[in-house]
Structures are given as C-alpha cells and as structure tokens.
Amino acid sequence: MNDSKLKYDWDLEDILKGKSIEDLYKKWLKKMNDLINSYDNQLKSIDNFINYKNLEQEYTKVTNRLYNYISNNLNEDSTNKNWISWNQKLAFDIHPLLMKTSNEENIILKNKKKVIDFLKDDRLKEYRRGYELLFKKSKRVLSEKEEMILTKLSKLSGSYEEIYSSVVDSTIKFDDVLDSKNKTHKITSVAKAFELLKSNDQTLRKNVWIEFNSKYYDNRYILTQTLFYNYLELNEYAKIRKYSNYIESVCDSDEVNLKFVNLIYSGVISYANEYKSFYSIRNKLISYTYGLNKLNPWDKSLDVVKIKNKYTIEQIQSILLDAFKIFGDEYTNVLQKAFDERWISWLPKPNKHSGAYSIGGTKGIDKYYISMNYDSTISSLFTAAHELGHSLHSYFFNKTQKIHCSCSIFYAEIASITNELLLSYYLLDKSKNNKEKLFVLDEIITNFFATTTRQVIFSNFEYEMINRLTNNQPITYEVAFETYNSLINKYTNSNKKVNINKKMDAIGLSTILRIDHFYVGNFYVYKYAIGQICALIIANKIWNKDKQALNNYFKFLKSGSSLSPLDTIKLLGIDFNDKNIWDECKYILDDLIKKYKNIAKLIMKK
C-alpha cells in the first residue's frame, strides 16, 4: 500500500507491539494455561481467589489483542485464507479452557458462602456485582455434566453469522447496471449501491434498486433457512436453561423482562402519526425537487434538496474536531489521537466488511479501532461521528474502570447517536440558507425514525419469528415477507398492500433478510430505539449548555458495565418507566418536524 493510502488505513500492527502474531499467540497460550492450572485451587484461600481473578484479567487483555488483530484483518478481506485459518484455529484452541471452566458456575454456587466471605474483602469489591448476578440466576445453571455438553457444542456458536457473512460479503456479487445513457456502473459493495441510489439519473436508481434487492431475493431460501436454524438453535438453548424462549433469556441477561420490550414497542408506536406526517411532506419535497410525478422505492434515498454533499477525509476530521468541542478538551484531544494514530480503516476494499463498526473487547488495547467504508458523502461524516462515539465511550470506561471495562449492548448506541445529533445541531447552526437547514433537519429526523420506527419493526419481526418457533410454526420467506409488511403498516400508520407473488413487491420486502444482527444471536435492534430516545434528550440538553446534563453524560461514559443497564441509563437522568420521558422526546421531535415543514413549504413555493 502506498504512503498516500496508508494514512487512511488503520494501524493494527500497534496491537502486536513490535512482535509477531506467533509471539502474541504463544503469550495467549501461556496465559490460558496459567488460568487452567490455577482453576482447581482458586477457592482454597482468598489469596488463591484473588490470584485467579488477576490471571483472568491478564488473560482477557491478551485475548482481546489476539482476537482483535485476527478478526479485524479478516474483516478487511473476508476471503483471506490466512485470517480464516487463524480465526478457526482460535475457535479450536480455546476449547481446553472452555471445557475446564464449564463447571465454574456450579462450583461457585456449591461454595456460595465461601465466595460471599471472600467478596467482603475490598480487593474484590468490583467483582461483587458479577457474582450477585450469578447467584440470582442459579436456577438457570445446569449440572456439571450438562454444562460440559453445552460447552462442547459451543464450537458451533457463531456459525450462522459466518454463513450469512459468507453469503453477503463473498457470494453475492452484483451485476453491472446501466443508466439512462447506457453507461455501465459497477456495484462494488453495499456502500456503493447506496451511493448510486442518490444519483440524479432515475434509470440508474431503478436499475440499482432492482439489482441490489434482487440479489437478496435470489438468496431468500438460504437466508431464510439460516435465519430459521439460527433462531431454532437459540430457542432450544434457552429452553434448556428453563426459559420460555430465546427472547426471555436475552431479556434476563439485560436485567429486564418482556414487559419492558413491549413498553419500548408501544412507545415507538405512539410516534406513528409523527412518522406519517413527516414522510408525507418529505415525499412531496423529493417529488418537487426532482420533478417526479410519482415517488418510487428507488427514489426515496434521494437527498430532499440539492446541496454540496462531498467531504474529503480531512474535512470530516476537521468538522468533527470543531463540532465536538462542546464535550471539552479531553474528548477532542482523544479524537485528534484517533486521527493522528490511525485508529480508522477509512476506505472500501474488495471483500471488506460491508458496514462500519468500532471494536469490542477493548481492555488491553491502546487504540479503539474503527472500520468504515468512506464514500465522500455526508453519510461518511455521520458514520465517522457515530463510530467515534463508540470508541470514545471505550476510551472513558477503560480509563475509569478496572474490571467493568465493557459496554452492555443494551445502551451501547447512546454515545454514538449523541455524537450524530450534536454533529447535526452543529451543522444546523452553521447552515447558511434554508436548503442547508432543511438538509440537516432531514438528517436528524430521518435518522430518528431509522433508529426507532425502522429498528423496532425489525425487532418486532424477530419477536414474531421466535414466537412462531416457540409454537412449532415454520419460517418461510413468504411468512417473513408478510410479517414484515404487516409490521410496517402497524408502526407507520399506513395500509400498504403487497403481493409477494409479484417480484417487484417481493424484492422490496427482501430487506428483512439482510439485517445482519438477526444472524448473531443477541436480540439487539430494539435497543437502537433506546439509544435514540436517550440521545435525543441528552444531546438537546448538552447543546443548550445544560452543565448538569454534560456531567451526567460523562458519568454515563465512565461507568462501563459497573451498573445494571437501566441504572446506567438513569445516570443520564432518564427512566423509561416514566411516561414523561416519552413525552419529552416527542416534544423535541414535534418541534423539529414543525421547523422542517415550515422550511419545506417555503422552498416549494418558489
């Protein structure tokens, strides 16, 4: 790679600290063996117990380094045989430790009184929460023999995600498409497809939309089967642990219940009228801006107004540094480090992971790496802001916490969406005319509905599919498409009728099969709505110079996983069981939509 592109690539070699991957692997094996050798003696004395917990922490640091080095390299090229081999090697080599510790929960529960006595020592105070959670779920722990069997089967965990990734990142190859002048365009990635859907050429947009969605539609059988067997496996594992289904087990791990999930669903449904009202004016505006008599699915990704929408990577960096001054010097200093020290893989590459992410498992790692697919549009500006929100969250909890150096998936999106919103307010403040203001307002509001309404539709889809399996009902692509359409109507206050036997209708609904979180196994996407609601409230306060809100926000960033998810969110001054939270968010949303409508009407009068 030449020097000009090297500055846009991440410095993964920093993980190795001048050593080779083989050296790091050997160190990992040693730490793992130290842990195995100390396992049987951990409860013989408090000193043994403290030593074992320290060994766990050292092992975690080395494991995070090794796994991140391999997985991030693999995500750069999902077809690379070397990284595929390393990835599979670790899956096998970690198994002795998993087998050795498969009975750990049973041992702890059998020696509960002794462990409680150990935990009274202040040297172990940060471990108390983890053991308290274990004691609460004791009825979910199986016999030693049963736990060992499940551990043996854990080699298969993640297999459905890998099948999905193989299909999407490697197997699906998009054909070239033509524009209205018969010029050929290549769809080299998912990011490129979305870029082309913003083209002024309607023929090109239509051809891209059909080609892109058709490829997922053409793979509907394998994707639906993968989804079915993934959910079936997750459901059966949950039942083994005496849960009614997989969703109940995930809720339990999040320290909430199904009632809370339905509270989020009903809360988001309460914004259906706002959704319908906003998209009604938005669709009219797109039609006006581009002179369209009818708005088709391939037109809906168009920008509502035409403004300069190209950013270099250096411009993105400069804007973010200025926009996030509101957080204070430490925050912006870390941002500068992220740019100078090459935390980010900016550019698209063949077979590169199609989305964007900030790494997990950060304890022991000095750079909180980000992967994205820069395309020069404002989308890349917001993607960088979003992922840096995650990375800065990692920075603050790693700096503050000794043990709880992680972020629950339950509230993981709050920091990233807060960054997006504060960037939006910054751009709105810098806007020079109504078109620019409308463009930014459109970003704020469409992102709000994308992370509440859209994501909760996806989550409710998961909920319905799991219920089908719980009741021994099949999942076919027809069921998936019909359920998806029904939920769209429910959450958007619409009555759209589709015929899944018509390909144009069906390929539009194939979106539901390309949600990568469905294939992972964490019942995740409804938590985007939690992140959005919290972020809109807290960002609005921070932007309006509420010092207490800013202090609360940094308490939240620094807390890591030291509290329950809902208690962590309460650090922000937000309690979802308080109806006023939903009303406060709605008030902010209504004000944004009102401003949007007023500017839209002025533009369409010209």
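I started with Glu341 and Lys337, whose side chains meet in a salt bridge at 3.0 Å, N to O. My rule for a salt bridge is a side-chain nitrogen of Lys or Arg within 4 Å of a carboxyl oxygen of Asp or Glu. Salt bridges that share partners also join Asp9, Glu76, Lys349 and Lys352 into one network.

Ground rules: this is a predicted model, where local features need pLDDT of at least 70, side-chain atom pairs count only at pLDDT 80 or more, and totals for chains, interfaces and linings use all residues. Residues are numbered from 1 along each chain as its sequence is written, and side-chain values use heavy atoms, with hydrogens and water left out.

I then checked exposure (buried is under 20% relative accessible area, exposed over 50%, partly exposed in between, with a 1.4 Å probe and protein chains only). Glu341 is partly exposed at 28%, and Lys337 is partly exposed at 38%.

Next I looked up Glu105 and Lys137, which form a salt bridge at 3.5 Å, N to O. This pair links distant parts of the chain, 32 residues apart: Glu105 sits in helix H6 (residues 104-110), Lys137 in the loop between helix H8 (128-136) and helix H9 (144-153). Helices here are DSSP runs (H or I, at least four residues), numbered from the N terminus. Glu105 comes out partly exposed at 26%, as does Lys137 at 33%. The count of salt bridges comes to 35.

**Helix H13**

I checked the length of H13 (residues 220-240). Its 21 residues should span 30 Å at 1.5 Å a residue, and the end C-alpha atoms are 30 Å apart, so the two agree; the expected span is 1.5 Å times one less than the number of residues. Its buried residues include Leu223, Phe228, Tyr231 and Leu234. Among the elements covering them are helix H10 (159-171), helix H12 (202-218) and helix H22 (477-492). Just after H13, Lys242 takes a positive phi of about 70°.

**Cavities**

I found 2 cavities of 30 Å³ or more. A cavity is a set of points on a 1 Å grid over the protein atoms alone where a 1.4 Å probe fits but cannot get out, and lining residues have an atom within 4 Å of a point. The largest holds about 60 Å³ of space, and its lining includes Glu420, Glu443, Phe448 and Gln532. H21 gives the most to that lining, with 5 residues.

Technical notes:
Helices (H or I, at least four residues) and strands (E, at least two) are DSSP runs, numbered from the N terminus. Contact means heavy atoms within 4.5 Å. On a 1 Å grid over the protein atoms alone, a cavity is a set of points where a 1.4 Å probe fits but cannot get out, and a pocket is an open set with protein on both sides within 12 Å along at least five of seven lines; lining residues have an atom within 4 Å of a point. Grid points are joined across faces, edges and corners, and a volume is the space filled by probe spheres set on the points.
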